[in-house]
Amino acid sequence: TVILAKTWQQRRMRGVAVIARNDFWRAHSVLDGLRLLNTGRTPNPFGALVAGGMQAIKQRQTAGSEEMQGKIDAEDWLSSNLRATLDEGLHELQRGMSLLASIGSTAPFVGLFGTVWGIYHALIAISAAGQASIDKVAGPVGESLVMTALGLGVAIPAVLGYNALVRGNKAIQAALTRFTRDL
């Protein structure tokens, strides 16, 4: 679920990144550019950067000279607000990634635990029967090895998905950073 949700999010972000790189700067005004960025149903970090920048400029313009905002250089104020908005967008990209990494790293151990537990119970059953034959050993041990296979079946896609998503996040992060610098 995490892999599918994050893949969908990245796909949407890549589409908005293309609009931010190409169409936003061709718009007649910042408001027209913001409308282009916010064409989707859900907010995105590119649109949030523009909206946050506009809000910061508006706050700075209405601040009195006695207020702290009025004493800070306008460019510093805007840069600080854009950086905060960028950090929020990057944080959103990372949401769910630690869960995916945890699943990928712990699933093999859960499977191994199931294997050990199954072998332990197989050995208990063999000792209770009083004799060890291949049919008494093979069935329970084979069943317990299924746990290892299930653990690996969960871990491998989780690790591969995590690595692919990290790569995708880095590309989106670079696009967001570039856009922020240009903005």
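Where is the place of Asn169? Asn169 sits in helix H7, helices here being DSSP runs of H or I with at least four residues, just as strands are runs of E with at least two, numbered from the N terminus. The model is a predicted one, so to speak of local features a pLDDT of at least 70 is needed, side-chain atom pairs count only at pLDDT 80 or more, and totals for chains, interfaces and linings use all residues. Residues are numbered from 1 along each chain as its sequence is written, and side-chain values use heavy atoms, with hydrogens and water left out.

Back to Asn169. With a relative accessibility of 3%, Asn169 counts as buried (buried is under 20% relative accessible area, exposed is over 50%, and partly exposed is in between, using a 1.4 Å probe and protein chains only). Setting aside residues up to four places away in sequence, Asn169 touches Gln10, Leu93, Gln94 and Met97, where contact means heavy atoms within 4.5 Å. Ile172 is also found in helix H7. Its relative accessibility is 4%, so Ile172 counts as buried too. Neighbours within four places aside, Ile172 is in contact with Gln10, Met13, Arg14 and Leu93.

Apart from neighbours within four places in sequence, Leu93 is in contact with Lys6, Gln9, Met13, Asn169, Ile172 and Leu176. Leu93 also belongs to the largest nonpolar core, which has 19 residues; Leu37, Phe46, Leu49, Val50, Leu93, Leu176 and Phe179 touch the most other members. A nonpolar core is a set of buried Ala, Val, Leu, Ile, Met, Phe, Trp, Tyr and Cys residues joined through side-chain atoms within 4.5 Å. At least two core residues come from each of helices H1 (2-23), H2 (30-37), H3 (45-62), H5 (74-94) and H7 (134-182). H1 gives the most, with five residues.

Next come the helix pairs. H5 and H7 pack at about 165°, their axes 11 Å apart (axes are lines fitted to C-alpha atoms, for helices over the stretch in contact, and angles run from 0 to 180 degrees between N-to-C directions). That makes H5 roughly antiparallel to H7; angles under 35 degrees count as roughly parallel, over 145 as roughly antiparallel, 65 to 115 as roughly perpendicular and the rest as oblique. On the H5 side, the contact uses Leu82, Leu86, Leu90, Leu93 and Gln94, and on the H7 side Asn169, Ile172, Gln173, Leu176, Thr177 and Thr180. By class, that gives six nonpolar, five polar and no charged residues (Ala, Val, Leu, Ile, Met, Phe, Trp, Tyr, Cys and Pro count as nonpolar, Asp, Glu, Lys and Arg as charged, and the others, Gly among them, as polar).

H7 has another partner in H6 (residues 97-129): their axes come within 8 Å and cross at roughly 175°, which makes H6 roughly antiparallel to H7. This contact divides into 24 nonpolar, ten polar and one charged residue.

Finally, the axes of H2 and H3 come within 8 Å, crossing at roughly 150°, so H2 is roughly antiparallel to H3. Their crossing is left-handed.

How values were computed
Left-handed = near helix turned anticlockwise from the far one by under 90°.
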